[in-house]
Amino acid sequence: MSPQKDKGKKSDQYHHYVPRFILRRYQVGPVRSKAERRRFFRKTGVDPEYVHYWDVAQGTLDVRPIGQVFGTQNLYRDCKNTENVNAIEQKLSMLEGRAAAVIGNLHTALPTNKFSVKRRQLEDLRKFLFIMQYRNVAIKDSYFDEDLNPRMGKCIMHYRQTHGFETPVEAWLGTLQYYLDNSHSQIMTQAAEITDKYGLEYMKKILRGHTSGTEIENLPAISYQSNCGNKYTCIWQAAEGEEFVLTHNGFGLWEGIINGLPCLHDVFVVSPHVVIVFRHKATLQLGINMPAPIVTSALVQIEQPPPEVEYRGCSIFPGQDTCTKMETYRSSKQAEEDVFHFDVKRLTATETMLVNHVFLDNVLHDGSITFASKACMLRTARTYLNPLYFQRNRKVPDFIKLLEDTL
């Protein structure tokens, strides 16, 4: 092995939990191409990409290099893979590239308020966003810790023992590897087979912790299905003249409670102008004559139906007898040509503030905020302090003072 190759496989890496291609949409100054960035760095030795950055713990507002924010060192380095400790990062980068292309196409389509995407491209986007939500520092240490998750404790212990994972972090890393090694269709098909075997109601009991679930063969597949199978995708655009803030946890923030369970919404800021939201399908029952779910949410009042699906060669979804049959069709060559047609929901100024209020409410004491426009950020922060809203973030007045001092 050459020294250069060995260096590439052994060196430390800074892993962003908010992708760089998202951060570039908040960039201060002109956005440069990859070739332009390389030339600038070779000439000056300076990273040419910066964003506005409020460090809550330090109480500072400054401009910082994109390469040094919203990430951590060696987040998922696999030290047991002696051939390539950064193999997971390399696999994720390929999926990220495909998802970035979809998000780029979405922004290109914004002037039309419409966005159409084929099934496999949408699956790539859904899978990437799910993984990005899963691969953060807090989940790394807690997701597979039975003491921190007593509701799923027996199921977690069984999963770790079955696969030989000695620590919660090993289980987290192994599960991340599974998600990257299997396509969306493969994971969903594996989950469908388990659901058909045990029944949908029994699967719900497992997820709610009402039964141990130790007989379940593939817990990661069921977790994936509970998100990607039970939620539909919404696309929201900020009101004219307004922007979405980007917080340290804003790329996959959980919001809302449904029937006593968290995660009614998963919200992903993908630019100052767009958020992608995964919304639980049970919300479609609200307001109709059937038992409706019990919902607590600040965002549920923002209405948006699922996308319309144009099925290849037929007018309705073919084959709905079992979960396995549904996934068999979705993974077929024919289904690759299915097209999902989204109406991009243009929010009002009030609705945009509701989304930003949720983000600001969930900024932790050691968290951070990035934004594109100081004027928009100041207006958003002042609106957050409206006495009609409950505020959990007591640091916002300090943030407002910093913004006022720099305008």
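How many aromatic pairs does the count come to?

1. The count comes to 19 aromatic pairs, where Phe, Tyr and Trp (six-membered ring) pair if ring centres lie within 6.5 Å. Keep in mind that this is a predicted model, with local features needing pLDDT of at least 70, side-chain atom pairs counting only at pLDDT 80 or more, and totals for chains, interfaces and linings using all residues. Numbering runs from 1 along each chain as its sequence is written, and side-chain values use heavy atoms, with hydrogens and water left out.

2. Phe 130 sits in helix 5 (residues 119–134) and Tyr 179 in helix 8, so the pair ties together parts 49 residues apart in sequence. Helices here are DSSP runs of H or I, at least four residues, numbered from the N terminus.

3. Tyr 179 also pairs with Tyr 224: their ring centres are 5.8 Å apart and the planes are at 35°, so this pair is tilted. Tyr 224 belongs to helix 11 (residues 219–228), 45 residues from Tyr 179.

4. Buried or exposed, Tyr 179? Buried, with a relative accessible area of 1%; Tyr 224 is buried too, at 0%. The cut-offs are under 20% for buried, over 50% for exposed and partly exposed in between, using a 1.4 Å probe and protein chains only.

5. Both of those tyrosines belong to one aromatic cluster, whose members include Phe 130, Trp 172, Tyr 179 and Tyr 224.

Methods. Phe/Tyr/Trp six-rings, centres within 6.5 Å; stacked < 30°, edge-to-face > 60°. Helix = DSSP H or I, 4+ residues; strand = E, 2+ residues; numbered from the N terminus.
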